Amino acid sequence: MTTEPKILVIDDEFNICEGVKRALQPQGFVVDSASSGQEGLQKIESGAFSLALLDVMMPDSSGVDLIPAIHARDPHLVCIIITGYATVELAIRAIKQGAYAFLTKPFSIDELLLAVNQGLEHRRLLLESKRLQAAEEEARRLAEEKSRLEELDRAKRQFFRLMTHELQTPLSAIQSYLQLMLEEYIAPEQQRVILEKCIVRLEEEKKLISDLMQLGRLQIIGAPSDAVSVRLDEILREVAGEFENQAERQNLKLDLKIESGIPPIIGSPTLFKSLWENLIGNAIKYTPPGGEVAVSLRVEDNLIRGEVRDTGIGIPQEEQGRLFTEFFRAKNAKALKLRGTGLGLVIVKRIVENAGGAIWVESEAGKGAKFIFTLPPAVSPEVQPQAENKS
């Protein structure tokens, strides 16, 4: 395979083509010729040329008008115009089309060699610049990828550290209680209370393991394999009904507002039930007696919009950025000493995003919180929704 620069002469004058060949070939160039613009384009299409010498006037075309077609095939191919009628207007038009230089007939061998060598150096610099730019972009991409992988590695180590701690804590408590019972440090009449505490801790452990397994499945498989047409409104009514007694026991008002005509979405019914359970369960958990939890579902801007609003303890502004991260619980939530895995909102975020949606929070400490999510419908809503209320 030859490495010498390949030159193409496109000129309908046989003497010009032959003269260029005799001048350039002894200098180590490979020279080919074409007698028309069409033939020249065909040769450029099939051969790797570095430079083209183009006659301005040919029977089927002008060399100037060929330049865009040539650059469409190879944007770095250097085009030098050959003309016996050099004018300012022609020069301007040729430069606008992408010509590198001019040779005015008749030209000497030295003039030809100078123009060709300068043109090839121009091409070499263009290609080198392109190569360096590509190398810089690749280096930048690799640096960004390295940074991302390092961040993922840090997040993974942090996750496993927190997971180990969260899994060990209930087990350590249970072990301590049972050890005290075995060593008879606890009176028989107090053992029932201790066993009840152990059962509570075991329930916490089961919930944590369940959440970890669900989060792991969401992270690994993304969209569930059992995705079907899901009615969010029907699932919401079912979940809200399950929370009615709990809300009543805590002296909370549970308000439900669902617009009619909510279109279905594509997803897993089990996962979207978990979504409502986590959002409504958290709202009830962190709202003091006498407060309100309001849940709504409607269509807005061709998206299904769900909201869970409460009048509870709220979330401090400075902590909201970490709200959807594993095992995170806000300080004011921890202060209430209410148990939680710190994974519920992470699971909710995964469910929503895997379904092509988005979720965010609006809140102030002491002024309640509102969690909002949007999801794309499986079909475009055709019915203008009308609100129905259930308090």
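Visitor: Where is the place of Pro106?

Guide: Pro106 is placed in the loop between strand E5 (101-104) and helix H5. The peptide bond that leads from Lys105 to Pro106 is cis, its omega being near -15 degrees. Please note that this is a predicted model, in which local features need pLDDT of at least 70 and side-chain atom pairs count only at pLDDT 80 or more, while totals for chains, interfaces and linings use all residues. Residues are numbered from 1 along each chain as its sequence is written, and side-chain values use heavy atoms, with hydrogens and water left out.

Visitor: What makes a stretch of the chain a helix or a strand?

Guide: The elements are DSSP runs, numbered from the N terminus: helices are H or I runs of at least four residues, and strands are E runs of at least two. On that basis the chain has 10 helices and 13 strands.

Visitor: How do you know that the span of helix H8 agrees with its number of residues?

Guide: The expected span is 1.5 Å times one less than the number of residues. Helix H8 (residues 269-285) has 17 residues and should therefore span 24 Å; the C-alpha atoms at its ends are 24 Å apart, so the two agree.

Visitor: Why is Ile258 called buried?

Guide: Buried means under 20% relative accessible area, exposed means over 50%, and partly exposed lies in between, with a 1.4 Å probe and protein chains only. Ile258, in strand E7, has a relative accessible area of 2% and is therefore buried. Its C-alpha lies 9.9 Å from that of Leu232, although Ile258 and Leu232 are 26 residues apart in sequence. Across the 391 residues of the chain, 41% count as buried.

Visitor: Why does Asn117 count as partly exposed?

Guide: Asn117 has 42% relative accessibility, so it counts as partly exposed. Asn117 is part of helix H5 (residues 109-182). Between Asn117 and Leu51 the C-alpha distance is 9.8 Å, at 66 residues apart in sequence.

Visitor: What makes Asp301 and Asn302 exposed?

Guide: Asp301 has 67% relative accessibility and therefore counts as exposed. Asn302 is exposed because its relative accessible area is 56%. Phi is positive in Asp301, near 55 degrees, and positive in Asn302, near 65 degrees; neither residue is glycine.

Visitor: With which residues is Glu292 in contact, leaving aside its neighbours within four places in sequence?

Guide: Contact means heavy atoms within 4.5 Å. With those neighbours left aside, Glu292 is in contact with Lys253, Asp255, Thr287, Arg309, Asp310 and Thr311. Glu292 belongs to strand E9, and at 22% relative accessibility it counts as partly exposed. Glu292 and Lys253 are 39 residues apart in sequence, yet their C-alpha atoms are 4.6 Å apart.

Visitor: How do the axes of H7 and H8 cross?

Guide: The axes of helix H7 (residues 232-249) and H8 come within 9 Å and cross at roughly 35 degrees. Axes are lines fitted to C-alpha atoms, for helices over the stretch in contact, with angles from 0 to 180 degrees between N-to-C directions. Residues of H7 that meet H8 include Leu232, Leu236 and Phe243, and those of H8 that meet H7 include Phe272, Trp276 and Ile280. By class, this contact has 11 nonpolar, two polar and four charged residues. Ala, Val, Leu, Ile, Met, Phe, Trp, Tyr, Cys and Pro count as nonpolar, Asp, Glu, Lys and Arg as charged, and the others, Gly among them, as polar.

Visitor: What makes a set of residues a nonpolar core?

Guide: A nonpolar core is a set of buried Ala, Val, Leu, Ile, Met, Phe, Trp, Tyr and Cys residues joined through side-chain atoms within 4.5 Å. The largest has 42 residues, and those with the most contacts inside it include Leu275, Trp276, Ile280 and Val295. H8 provides the largest share of this core, eight residues. A second, separate core has 21 residues, among them Leu24, Phe29, Ile82 and Leu120.

Visitor: Which residues of H8 are buried?

Guide: Among them are Leu271, Phe272, Leu275, Trp276, Leu279, Ile280 and Ile284. In soluble globular proteins, nonpolar side chains tend to be buried together.
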